[in-house]
Amino acid sequence: MLDNTHADWISLAAGLSFRGQAFIDGKFTDASSGKTFDSINPATGAVLTPVAECDEEDVNRAVAAGRVAFEDGRWSRMAPGDRKAVMLKLADLIRESLEEMALLDSLDMGKLVTDAATIDAPGSAHFFQWYAEAIDKVYDEVAPTGPGDLALVSRVPLGVVGAVTPWNFPLDMATWKAAAALAAGNSVVLKPAEQSPLSALRLAELAAEAGVPDGVFNVVPGFGVTAGRALGLHMDVDCLAFTGSTAIGKMFMQYSGQSNLKQVWPETGGKSPNLVFADCEDLDAAADMAAFGIFFNQGEVCSANSRLYVERSIKDAFVEKLIARAQAMQPGDPLDPASKMGAIVDEKQTQGIMRFVDEGRNTANLVTGGERITVDGKGCFVQPTIFDDVTHDNPLARDEIFGPVLSVIPFDTEEQAVTMANDSIYGLAASVWTDNLSRACRVSDKLMAGTVSVNTVDALSAMTPFGGMKQSGFGRDLSLHSLEKYTALKTTWIKYKA
C-alpha cells in the first residue's frame, strides 16, 4: 500500500462502491422521509453518492433498536471474552480494508490518502483492538467492610450511547467513541458529520460482519439541526459523546437539561499554543514539528498548534525556517502520494478560512501563503499560511480558524510566554520546546491544557487520555479512563451470617 502510485489510487477510487443508506438494527435502510443529501469530493467538486438524510424519526428507530439490544443482553451481557473476540475480529476486518477506508475518508473530506492509509485507518484498527483487549482486564472492586458485610463496586454499561463526530478525522473519531462505548457493553447510535459520513457507514457494515449483534451499532447520517438535535434531546439516550465546536458542545449541554439529564461528554474547540525557547538545541526539529503541528490535515485539527510563541532572540531565524517548510508543503491532489496537503473539507470552511486570512493582511505581517488555489482547475485548497508579528489580541491568535494558518507571536520572558499561552478560552493542548529540564517541568505545570507535549507536538496514544480544559470541554477519549464516561458505578451490598 505504501508503494501505491497516484495512478494506483485513482484506479482504486474508481472501483469503489459507496454505502449511502443509514444503518439501523443490523441493516441498511433509507431515511424514513426518503430524503438524501450529496456527499461531495472537495478536491474536485464531484458528487460521490447520495446519502440518507436522517431526522428525528430515524433517530427514534435507531435508539429503539439500541434499547432492545441492550435490554435483552445480546451484547451488554455477552461474556467478556466473547465480546472481546468480536471486537478483535472487527479490528482485523478494518486492517483488511485499509485501502478502502483510507479512500473513503480522502474522497469524502479531502485529506491525503497516504495519511488516511498510514495513520487514520491503521489507528482505527489499533484502537478497536486495544479496547477489545481491555474488556477482560478491567476489574471491579470489593470495598473494605466488616464481617457480615460484602460490598461490591462494579462498573456497568449505561445503555444507549449517542455519539456525534466531526468531519476532520471521520473514521478515527467514530472509532474513539464507538470502541470504548462498545467495549463497555453499550449500544451505540452514531451520527457522523454530514460532510464525511461514508467511512462510518462502512464501519457499521464491518462491525456486523465481525459479529456485533443487530441493534448494537447504528449509524444515522444527517444534519446537526435535525439528526444531531434529535439525539441530544432524546429521552432514551443515556449518554452523548461529542467532538466538534465549542458552540455546538454548549447546545448539547442545553439539550441534556431540556430532556433526561443525560451525561454529555464534550471534546470541543482548541487554539493550542506552541512555545519555543531559545535554549532549545534542535531548532530544525522544532521547526519541522511546528510546521507539522499546523499544516498536517490542512490545519483541520482541534488540537492544531496554531499559536506559535517564539523567544524574541531567535524569532526571525526561526520564522525563516518555517517559511521554507511551509513553501515545501503546497496542497495537491489528495490521491497523489507526492502531495503534502490535501483539500479543505468544503466551500463553507474554505471561505471561512479565507476571511481570517484576508482580515489578517491588514493587522499582521503575512510572510508566506495566504491564497486560495485550485488543483487542475478545481477544488477547495488553501496554501499553508504564516503571519508574523501577530499581536496577542488579534483574532488570528484568539479564534479557532481550523485551517492551515499559523500566527507567530514573540515573547521576552518565560512568564510572559506562559501568561499569553494561558490567556485563551481554550485549553486542549500545548507544546513546549526547551532543553532545560527544569523549565520543561515548570512550564508544563503552569500551562492549562489537557495535554502538554515537550519537544514534540500533539502527542497521543491509546494509553493516555485526550481532552481539554476550559471551553475545550471536559470529555476524555482514549485510555482506560474513557471507559468511565460510558459506565456507571453500581454498589451491591450483601449482608451475610458471619
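Predicted model: local features only at pLDDT ≥ 70, side-chain atom pairs only at ≥ 80, totals over all residues.

Residues are numbered from 1 along each chain as its sequence is written, and side-chain values use heavy atoms, with hydrogens and water left out.

**Exercise 1. Work out how helix H4 (residues 98-109) and helix H7 (residues 198-210) pack.**

Step 1. Helices (H or I, at least four residues) and strands (E, at least two) are DSSP runs, numbered from the N terminus. Axes are lines fitted to C-alpha atoms, for helices over the stretch in contact, and angles run from 0 to 180 degrees between N-to-C directions.

Step 2. The axes of H4 and H7 come within 8 Å, and they cross at roughly 155°. H4 is therefore roughly antiparallel to H7 (angles over 145 degrees count as roughly antiparallel, under 35 as roughly parallel, 65 to 115 as roughly perpendicular and the rest as oblique).

Step 3. List the contact, meaning heavy atoms within 4.5 Å. H4 supplies Glu100, Met101, Leu104, Asp105 and Asp108, and H7 supplies Leu198, Ser199, Arg202, Leu203 and Leu206.

Step 4. Sort these residues by class: five are nonpolar, one is polar and four are charged. Here Ala, Val, Leu, Ile, Met, Phe, Trp, Tyr, Cys and Pro count as nonpolar, Asp, Glu, Lys and Arg as charged, and the others, Gly among them, as polar.

**Exercise 2. Compare the span of H7 with the expected one, and decide which of its residues are buried.**

Step 1. The expected span of a helix is 1.5 Å times one less than its number of residues.

Step 2. Apply the burial cut-offs: buried means under 20% relative accessible area, exposed over 50%, partly exposed in between (1.4 Å probe, protein chains only). Ten of the 13 residues of H7 are buried, so H7 is largely enclosed by the rest of the structure. Among them are Leu198, Ser199, Arg202, Leu203 and Leu206.

Step 3. Look just past the end of H7: glycine 211 takes a positive phi of about 115°.

**Exercise 3. Describe the packing of helix H5 (residues 113-134) with helix H6 (residues 170-183).**

Step 1. The axes of H5 and H6 are 9 Å apart, at an angle of about 5°. These two helices are therefore roughly parallel to each other.

Step 2. On the H5 side, the contact includes Ile119, Phe127, Phe128 and Tyr131; on the H6 side, it includes Leu171, Trp176 and Leu182.

Step 3. By class, this contact has twelve nonpolar, three polar and two charged residues.

**Exercise 4. Which elements cover the buried residues of helix H10?**

Step 1. The end C-alpha atoms of H10 (residues 283-295) are 18 Å apart, which agrees with the 18 Å that its 13 residues should span.

Step 2. Its buried residues are Ala286, Ala287, Ala290, Ala291, Gly293, Ile294 and Phe295.

Step 3. Their cover includes strand S12 (273-276), helix H11 (312-327), strand S17 (385-388), strand S18 (405-411) and strand S20 (429-433).

Step 4. H10 is followed by asparagine 297, whose phi is positive, near 60°.

**Exercise 5. Is methionine 341 buried or exposed?**

Step 1. Locate methionine 341 in the loop between H11 and helix H12 (347-360). Its relative accessible area is 0%, so methionine 341 is buried.

Step 2. Leaving aside neighbours within four places in sequence, methionine 341 is in contact with residues including Leu112, Phe295, Met329 and Val382.

Step 3. Phenylalanine 381 is 40 residues away from methionine 341 in sequence, and their C-alpha atoms are 8.7 Å apart.

**Exercise 6. Which backbone oxygen does the side chain of asparagine 455 reach?**

Step 1. Asparagine 455 is in the loop between S21 and strand S22 (469-470). With 32% relative accessibility, asparagine 455 counts as partly exposed.

Step 2. The side chain of asparagine 455 reaches the backbone oxygen of threonine 434 at 3.0 Å.

Conventions:
Polar contact = N/O pair within 3.5 Å; in protein donor to acceptor, adjacent residues only side chain to side chain.
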